[in-house]
Amino acid sequence: MRRFGAVVEAYFATRWVPGARNLIAYLDAKEKELPLPAFGRLRRRVTYALGQLFGSLHALGAYHRQFHDRNILVTEDAGGALRLLPIDLDHLTICERLTDDDRDWNFYQLSWHLRRTIGRWRPST
């Protein structure tokens, strides 16, 4: 609650997600665990899941002002299905309509934070 612009009452809600790791920790662990072809397939699955996450958030008019690798948790069930969860939601803004610039900025933020890691995982030619 705000009074005269100052926060006078705030709430913090959280939920423990067993086995969840941030995106980079998850991929680092999987890179050590899986053979190269399997890791390549996993990267494609993660990329697809990231697209679904962005699409779902943007379809709802949600814009995350700090979208980066450590603000995305990854869980994997016993069958290998991935679930990506955005965190740090105090940086989430809900708009009636997102602009293309808003969407582009979310993608840019994530790619900027992943730039060194992505380079490490780039397939050799």
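Mentor: Two strands count as paired if DSSP finds at least two bridges between them. Helices (H or I, at least four residues) and strands (E, at least two) are DSSP runs, numbered from the N terminus.

Trainee: What mean pLDDT does the protein have?

Mentor: This is a predicted model, in which local features need pLDDT of at least 70, side-chain atom pairs count only at pLDDT 80 or more, and totals for chains, interfaces and linings use all residues. Residues are numbered from 1 along each chain as its sequence is written, and side-chain values use heavy atoms, with hydrogens and water left out. pLDDT is the predictor's confidence in each residue, from 0 to 100. The protein has a mean of 81, and 82% of its residues reach 70 or more. Among its elements, strand 3 (residues 21–22) has the highest mean, 93, and strand 1 (residues 2–3) the lowest, 58. Where pLDDT is low, the predicted coordinates should not be read in detail.

Trainee: In what order do the strands of the open sheet lie?

Mentor: The order is 3-5-6, with antiparallel pairing. Strand 3 and strand 6 (82–86) are the edges, each pairing on one side only.

Trainee: How many bridges join strand 3 to strand 5?

Mentor: Two. Arg21 has Val74 in strand 5 as its bridge partner, and Asn22 has Leu73.

Trainee: Is strand 5 mostly covered or uncovered?

Mentor: Buried means under 20% relative accessible area, exposed over 50%, partly exposed in between (1.4 Å probe, protein chains only). Strand 5 is mostly covered, with four of its five residues buried. Helix 2 (residues 36–59) lies across strand 5 and strand 6, and runs at about 45 degrees to strand 6. Such axes are lines fitted to C-alpha atoms, for helices over the stretch in contact, and angles run from 0 to 180 degrees between N-to-C directions.

Trainee: Why does Asn71 count as buried?

Mentor: Because its relative accessibility is 6%. Asn71 sits in the loop between strand 4 (62–64) and strand 5 (72–76). Contact means heavy atoms within 4.5 Å. Not counting residues up to four places away in sequence, Asn71 touches His64, Gln66, Leu85, Pro86, Ile87 and Asp88.
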